[in-house]
Amino acid sequence: MTSLNMFAEPFAPHGGIDAYSARRTLGTFSMDFWQLFLRETLQNSWDARAKVTGAVTFAVDAWRLNGAQYDALRYEVLRERPAGSRVDGLLRGEAIDVLTVTDVGTRGLCGPTRADLASTGRRDFVDLVRNIGRDPAKGYEGGTYGYGKAVLFEASFCATVVIFTRTLVDDRPTSRLIAMALTQPYDLDGKRFTGRHWWGMPDPETGAEPLTGERAERLALTLGMNRLQPGTTGTMIMILAPRIEEDDSLRQVVEALGHAAADYAWPHLTAPTGARPRLTVQFTCNGQAVPPPGPARDQRLKHFVEAYRRCEKVLDGTVAPSSGYPWTVQEVQGSRPVRRLGILAWRTHLPGAAGAHERADAEIALMREPRMVVEYRNVTPDSSGQAITGVFIADPALNDDFAAAEPPTHDRWQPRRAQRQRYARNPVSQALNRIDLVFKDRRGADRADTVEAGNRPGITRLASLLGSLLDTQPGGTDPRIPAPGASSRADDSRFASPDGRSTTGSSTGTAGRASGSVHDGGHAQTGRAGPTSPPRRGSVAVRFHPQARLALMPNGIPCADFAVDLDTRSAGGGVVLVAEPLIAVTDGRPEKADDGTTVTVIGWRSRDTGEFQPGSRLTVTPATASAWSIRVTQPTDAAVTVAVRTEVGTA
């Protein structure tokens with residue numbers, strides 16, 4: 001049995017930094033703690049990849065130590081403990097939960113084990129284990145074991161971690177194991193101690209050196225630290241007694257870490273093979289896999305992924321900036337000097353998509369090298385109620401400027417940090433201001449269009465006409481709220497009534513709401529409707545969304561766009577949907593346009609691809625896109641609504 005010795009750091013006669021101050025080096029941060037923990041540890045792992053073009057596996061495992069693991073921790077690793085410390089109290093109990101973070105395919109903690117030795121190579125071991133702060137020689141990589149390593153101790157109830165690494169020293173595989181803890185500074189036998197502690201092999205110079213070689217390998221395996229397979233290099237860090245809020249569980253912590261990985265590392269998780277270095281993430285709790293969301297499939301993150309890919313194509317010169325429905329891809333330009341600050345790609349889409357990334361409906365993901373999301377910046381919302389999703393990538397030539405603007409937590413850009421004398425104007429401040437202006441100016445343009453359209457007779461009365469129209473409905477106007485007497489059985493509220501029924505939505509064209517009415521055999525039902533399974537074969541379910549958008553045709557004629565979603569799974573060989581316009585004339589009664597007022601369906605447009613099908617009919621197969629808009633003309637003195645039906649005799 002190998003037992004490690006504890007070394008408690010005394011204050012040097014000339015002073016030093018205490019453990020309490022070391023834990024406070026993170027400063028304030030703008031997110032949940034476990035999000036910050038994931039970002040910092042994952043960034044360190046990514047920065048430490050063995051090859052620039054290599055792959056990295058990042059894993060989080062959480063479990064309760066079994067008897068043998070508990071005994072190894074108590075009697076071999078932490079046999080000596082600071083009296084009265086939290087770690088001492090923890091190891092007097094019977095059960096301990098642990099959480100480990102592991103990277104494989106990285107360099108491991110290489111370099112010297114003594115902080116006072118000069119070295120021309122990397123110094124990852126002393127940067128994590130010995131030093132406090134960051135080495136400026138490392139530049140502005142996202143992690144680099146600087147101040148951010150404080151998250152390791154903040155994550156532990158007793159501020160204690162065990163570190164096992166396998167690296168190359170003079171081109172020879174070398175295994176190292178050492179434990180660390182932080183306590184409050186204290187006095188003992190007339191001496192003052194910093195509160196920093198290490199467990200390792202006794203050494204007269206450093207106090208504690210890491211356990212190495214086969215003994216380190218055996219002790220790591222006994223503790224359950226088995227992620228580093230033979231022949232691989234990397235690092236595994238065990239957090240003792242991870243902090244868990246009163247209402248949470250160990251599994252919920254792991255789930256939160258998985259969601260954080262999807263939120264902030266998706267540029268690497270979805271990178272095309274061969275295009276950029278790849279990252280694989282794995283999460284388990286008590287031996288069971290806890291899969292994180294897949295960004296490319298997540299209903300919200302997938303738009304960020306697509307925006308990112310469009311930015312990359314402009315940065316690598318594959319395509320030029322362009323604007324084509326539904327995407328806008330543009331260079332963000334600075335002044336004094338005139339230069340490119342970065343690339344911005346964005347689009348509008350249906351709001352309310354959930355997925356892993358439940359945030360505001362108007363935001364831009366900001367990033368630089370090494371392409372982890374720094375923050376999601378809220379921008380001015382879309383005037384029609386659509387969601388806005390986009391990505392801004394800082395120009396690589398300005399990477400150091402944007403990196404300098406980040407606090408130790410790397411969770412936002414603070415322009416004052418990046419102020420440099422070599423520029424007349426701060427590039428980070430310019431970039432953020434110009435991004436904000438893109439959406440403020442767009443909002444202003446939308447309002448101008450509305451005012452111009454509002455000068456036409458009748459359009460100014462649409463809002464009041466809508467109120468009268470909705471008053472004619474038999475129930476509530478929100479399709480999520482069942483009307484009295486509506487079926488209470490479990491259903492899929494994503495879609496309204498299928499095959500052979502017409503689903504009606506109503507809107508002023510500027511700020512209307514769907515009526516949620518479903519007409520069936522002459523009887524109106526209001527509220528949620530839709531089967532738990534796909535509609536029967538040869539049918540299509542249709543769902544209207546709450547807001548339609550007022551627009552102007554190129555010839556200046558006003559029109560209204562109604563967003564609809566289609567469930568095409570049971571369309572079989574083809575189903576023809578027919579959009580029929582209805583109007584509310586000045587007395588507020590919905591009726592077909594047989595009084596001389598004309599309203600027509602201009603066509604159907606795919607909200608995903610921009611494909612346009614003129615006319616009122618749309619042939620739908622299971623392969624047909626699901627997100628569409630129905631465009632209808634907007635006559636004067638009338639509010640428009642639309643009904644969709646299946647054309648009889650089609651298949």
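Reader: Which backbone oxygen lies 3.4 Å from a polar atom of the side chain of H268?

Author: In this predicted model, that atom is the backbone oxygen of R371. The side chain of H268 also reaches the backbone oxygen of P370, at 2.5 Å. A polar contact is a pair of N or O atoms within 3.5 Å, where within protein one must be able to donate a hydrogen and the other to accept it, and where residues adjacent in sequence count only if both atoms are side-chain atoms. The 3.4 Å to R371 and the 2.5 Å to P370 therefore both fall within the 3.5 Å limit.

Reader: Why is H268 called buried?

Author: H268, which is placed in helix α8, has 0% relative accessibility. Buried means under 20% relative accessible area, exposed means over 50%, and partly exposed lies in between (1.4 Å probe, protein chains only), so H268 counts as buried. Helices (H or I, at least four residues) and strands (E, at least two) are DSSP runs numbered from the N terminus.

Reader: What makes H197 buried, and which backbone oxygen lies 3.1 Å from a polar atom of its side chain?

Author: H197 has a relative accessible area of 2% and is therefore buried, while its place is in strand β7, residues 191–203. The backbone oxygen at 3.1 Å from a polar atom of the H197 side chain belongs to G195.

Reader: How do you know that R300 is buried?

Author: The relative accessible area of R300 is 2%, so R300 is buried. R300 lies in the loop between β12 (288–289) and α9 (301–315), and its C-alpha atom is separated by 9.3 Å from that of P351, 51 residues apart along the chain.

Reader: Why is the pair E306 and R310 called a salt bridge?

Author: A salt bridge is a side-chain nitrogen of Lys or Arg within 4 Å of a carboxyl oxygen of Asp or Glu; the closest N and O atoms of E306 and R310 are 3.0 Å apart, and this pair therefore meets the cut-off. Both residues lie in helix α9, four residues apart, about one turn of the helix. E306 is partly exposed at 28%, and R310 is partly exposed at 30%. The side chains of E331 and R340 also meet in a salt bridge, at 3.2 Å, N to O, and a search of the whole structure finds 27 salt bridges.

Reader: What makes the salt bridge between R377 and D436 a tie between parts of the chain?

Author: The closest N and O atoms of R377 and D436 are 2.9 Å apart. R377 lies in strand β17 (residues 373–378) and D436 in helix α11 (residues 427–454), so the pair ties together parts that are 59 residues apart in sequence. D436, at 16% relative accessibility, counts as buried.

Reader: Why is D248 called partly exposed, and which residues form the negative surface patch?

Author: D248, in the loop between β10 (234–240) and α8 (250–269), has 38% relative accessibility and therefore counts as partly exposed. The patch is formed by D32, E245, E246, D247 and D248; patches are made of residues with over 30% relative accessible area and no salt bridge, like charges being joined within 9 Å, and Asp and Glu count as negative.

Reader: Which conventions stand behind these values?

Author: Residues are numbered from 1 along each chain as its sequence is written, and side-chain values use heavy atoms, leaving out hydrogens and water. For this predicted model, local features need pLDDT of at least 70 and side-chain atom pairs count only at pLDDT 80 or more, whereas totals for chains, interfaces and linings use all residues.

How values were computed. Patch = residues over 30% accessible without salt bridge, like charges linked within 9 Å, V, L, I, M, F, W, Y side chains within 5 Å. Areas by Shrake-Rupley, 256 points an atom, 1.4 Å probe, with all protein chains shown as cover. Charge placed at Lys NZ, Arg CZ, Asp CG, Glu CD.
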